[in-house]
Amino acid sequence: MFFNVMGVFLIYTLIFLLFKNYEQNYLPPYNETDDIHLLIFCGSFMIGLAWIMYYYAKRMNKRISYEQRKKETLMRRELTQNISHELKTPVASILGFTETILDNPSMSEETKIQFVIRTNAQAQRLASLLQDISMLNRMDYAANVLTIERINVSNVVSEIIQEIELDLNKKNMLSKNYLPENILIKGNTSMVYSIFRNLFENAINYAGNGTTIEIAAKEHPDKWQFRFNDNGQGIPSEHLTRIFERFYRIDKGRSRALGGTGLGLAIIKNAIQLHGGNITASSAEGGGLCFDFTLKKMIKSF
């Protein structure tokens, strides 16, 4: 802002010098000393005004930086509290089951096996949670060192559908893949895989038995536009704008019972943004949930 004001002053000075002869030839004569004094006064006034504006802009920048740091600190504190809370549940369960086994040496083998199975399930949940946290940390702090390569999204989705076939069959769910062949982008394979894998797992966990999952894409000059939707139970509209927040849950008890970490949609959103796209959620026609998102064909840099 300081330089803008000084630029205006310099332009004024230039105009003054260029039109000095015009004033002498066409305007009534007046004392040249007064003209110089006027120029000095205007110059001093402009410099003073520029300094005030520069000082004001500097204070505003400090205030904005302070508010940003305050917001980031609050977000980190909330994230730490959420992580602590999420880790506490599986850890407490693991300790409870193992302590019960140790404190009851006469426990039957059948009961012990049941406790071990439950302990293993909680350990797997804990491992999934730590893996998701690690993935988000990579996105936040190491995005510039991710490996970028050519990816065939069509192949990635086909492989995921094969991997989840058993899970779909258990819930009598169908998947309809309308993607064209050879959707090519440049990005990070692990991140792109996470996008589609988490979308499918989210639908399997929450859409409901007997539902159908559909995925399609439309090509644009510089990007691919994807639509992922199901005809399941959907979610209330008031939650649509918040479901991408970390650890945000619509039904906390149900989400944990189904094994969700509360980070899947946050991972999806961050990974899509790293690939130059964006994502929105809406209620699908006829019921269910619909995700619309884009991925750029080429990524200049992370």
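**View 1. Salt bridges in the predicted model.** The structure, which is a predicted model, holds six salt bridges. One of them joins the side chains of Lys112 and Glu109, with 4.0 Å from N to O. Both residues belong to helix α4 (residues 109-141), where they sit three residues apart, or about one turn of the helix. Lys112 is partly exposed at a relative accessible area of 22%, whereas Glu109 is exposed at 55%.

**View 2. The salt bridge of Arg197 and Glu163.** The closest N and O atoms of Arg197 and Glu163 are 2.6 Å apart in this salt bridge. Because Arg197 lies in helix α7 and Glu163 in helix α5 (residues 153-163), the pair ties together parts that are 34 residues apart in sequence. Arg197 counts as buried, with 18% relative accessibility, while Glu163, at 41%, counts as partly exposed.

**View 3. The salt bridge of Glu219 and Lys297.** Here the closest N and O atoms, from Glu219 and Lys297, are 2.7 Å apart. Glu219 is in strand β4 and Lys297 in the segment after β7, so that distant parts of the chain, 78 residues apart, are linked by this pair. Glu219 is partly exposed, its relative accessible area being 48%, but Lys297 is buried, with a value of 18%.

View 4. Five strands form an open sheet in the order β2-β4-β5-β7-β6, with mixed pairing, and its edge strands, β2 (174-177) and β6 (279-283), each pair on one side only. From one strand to the next, the twist averages 15°. Helix α7 (residues 189-206) packs on this sheet and touches β2, β4, β5 and β7, with its direction at about 180° to that of β7.

Conventions. Residues are numbered from 1 along each chain as its sequence is written. This is a predicted model: local features need pLDDT of at least 70, side-chain atom pairs count only at pLDDT 80 or more; totals for chains, interfaces and linings use all residues. Side-chain values use heavy atoms; hydrogens and water are left out. Two strands pair if DSSP finds at least two bridges between them. Helices (H or I, at least four residues) and strands (E, at least two) are DSSP runs, numbered from the N terminus. Axes are lines fitted to C-alpha atoms, for helices over the stretch in contact, and angles run from 0 to 180 degrees between N-to-C directions. Contact means heavy atoms within 4.5 Å. Buried means under 20% relative accessible area, exposed over 50%, partly exposed in between (1.4 Å probe, protein chains only).
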